[in-house]
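Let's take a walk through a protein chain together.

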Amino acid sequence: MHRNPWFIGAALAALVAVLAALGLGQKGDAVTAARQPRAAPPYPEDVPSTGHVREFELVAAPTALPLLDGRSLEVWAYNGQVPGPTLRATQGDTVRVRFTNKLPQPTTIHWHGIRLPNGMDGVPGVTQPPIPPGGTFVYEFKLKDAGTFWFHPHLRGSEQVERGLFGVLIVEDREPGPFTRELVWVLDDWLLDASGQVDARFNTRSQLAHDGRWGQVSTVNGVAQPEVPLRPGERVRLRLVNVANGRVFAPSFDGLDAAVIAVDALATDRPLPASRLELAPGNRVDLDFTVPEALSEQRLEVVDRFTRRPFLLATLAVSGAAVRPPAVTAAASMPAPDLSSARARPPSETFRLNARRGGPFGIEWTINGEAFQHEGEHASAHHRVYRLPAHQWAKLRFVNESYRLHPMHVHGQFFRVVARDGTPVDEGHWRDTVLIGPRETVDVAMFPQDEGAWMLHCHIQEHAESGMMTLVDVRADGSP
Ligand code: C2O
Ligand code: CU
């Protein structure tokens, strides 16, 4: 039995598609269907509304906070916190966020991973004008998907995100999960200057020539190497979010039998092993584990192993009376999509990733030889736009012609990795951000549904800032 609304939605959508193909749908639909049959979507285009509107207030402003090792750090923060407040709502709710910019720079908020109307996507010069200092903007959208999302500025991200502007948006499933405890870990690193403050030199040549800005202090929720108390028997949902400008995290949870139950918000096809976790900038991973009673009064180290120099990220300290496990046993999963037609088709578009000398920073990162200039009101005016038909499978190919890392992100869409260097792959989950290794080619299958101009870019902030962004224009077949 699938107790998952996804399954019912997908089944209904498939039925509608069959009816339409048989000419049994509405008249207009049947005509369109005969000309260009809509493929059955791998997930529902929409979900029923709960009728609830969740209202939030966000203010971005400079402030000083006790962070890292407790020192006073000058940051830019949402609502005076780093990370910003965790916004919570339920799938099917509408969120309304009244935002005020008290920064010395224009900004916007982008809702990373959320499928929303294009005008709410927060891309300056594309979906909205930049919000000037002192300005306000109201973001409002319905939450179609449950899972772990985050939000951050989409203007001068290499500076604004690095200074502390990021927050988590959690969309709860309508059905309660099997967990007795939830943890949210925002992973970040900080590049500090000699005085111990955020280094104010952004987009340096060295950062551009490498994998962006990597700091010397890594933090979990703004704290270096925190100790996290847990009780034996607790069933934990740990939501990991990588908000760093450039650093890839690979936290290892040795000693815990942890399973990956969601990646980039969406539930995995089935619980997946958490043995080789990798979170590139932008990625989220949700883990499910039960604290073994045998670990009572013990400490467990969570070590990052992405680089050759492993380091301690956090310590889990288990103590106290054992917690009884909840009655529900399984976490939600999603049915695996049929990717065969997407796999079989040739790439709809190929994106070649490379760098060259030039541009405002001396080096510019390019997609198919173009560097995106994203400041100003009309960012997209002189730039190529890639068209993708809505309601059809598309295969996108990323060819990394460089020796650097590129976590490629597409706004408002989820996709599946179907091949790496020509070898078929099935990761068992959706993504919105995929890490492309040096000289690697990655094919992804995507099923665009929401129309509009969606950003496709590298999530290493310095690469994006120096040009590694473009737009995919999703349009229903036949629309101009
Ligand atoms: Cu978190 Cu355009 O991205
Ligand atoms: Cu990149």
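Before we start, helices (H or I, at least four residues) and strands (E, at least two) are DSSP runs, numbered from the N terminus. What you have here is a predicted model, in which local features need pLDDT of at least 70, side-chain atom pairs count only at pLDDT 80 or more, and totals for chains, interfaces and linings use all residues. Residues are numbered from 1 along each chain as its sequence is written, chains are lettered from A and ligands numbered from 1 in the order in which they are written, and side-chain values use heavy atoms, with hydrogens and water left out.

How far can you trust the picture? The score to look at is pLDDT, the predictor's confidence in each residue, from 0 to 100. The protein chain averages 90, and 90% of the residues score at least 70. Residues 1-35 are another story, with a pLDDT below 50. That stretch has 29 contacts in the model beyond near neighbours in sequence, where a contact means heavy atoms within 4.5 Å. Where pLDDT is low, the predicted coordinates should not be read in detail.

Find P83 in the loop between strand 2 (71-78) and strand 3 (87-90). The peptide bond leading from V82 into P83 is cis, with omega near -10°.

Next, go to R156, in the loop between strand 7 (147-152) and helix 3 (157-160). Its phi is near 45°, a positive value in a residue other than glycine. A265 also has a positive phi without being glycine, this time near 85°, and you'll find A265 in the loop between strand 14 (259-263) and strand 15 (266-273).

Is A265 buried or exposed? For these words we use relative accessible area: buried means under 20%, exposed over 50%, and partly exposed in between (1.4 Å probe, protein chains only). A265 counts as buried because its value is 2%. R156 has 30%, so R156 is partly exposed.

L183 sits in strand 9 (residues 181-190) and counts as buried because its relative accessibility is 8%. Leaving out residues up to four places away in sequence, L183 touches V228, L230, V236, R237, L238 and R239. Take V236 from that list: L183 and V236 are 53 residues apart along the chain, yet their C-alpha atoms are separated by 7.2 Å.

I460 lies in the loop between strand 28 and helix 6, and at 1% relative accessibility I460 is buried too. Among the residues I460 touches, beyond four places away in sequence, are D211, N245, P281 and L405. I460 and P281 are 179 residues apart in sequence, but 6.4 Å apart in space, C-alpha to C-alpha.

Rolling a probe the size of a water molecule over the atoms shows where empty space is left. On a 1 Å grid over the protein atoms alone, a cavity is a set of points where a 1.4 Å probe fits but cannot get out, and lining residues have an atom within 4 Å of a point. Grid points are joined across faces, edges and corners, and a volume is the space filled by probe spheres set on the points.

How many cavities of 30 Å³ or more are there? The count is one, and the largest cavity has a volume of about 100 Å³. The lining has 14 residues, with H154, G157, Q461, A464 and M469 nearest the centre. Strand 28 (452-458) and helix 6 (461-465) are the elements that give two or more residues to this lining, and helix 6 gives the most, with three.

Note on methods
1 Å grid on protein atoms, 1.4 Å probe; cavity = no way out; pocket = protein on both sides within 12 Å on 5 of 7 lines; lining within 4 Å.
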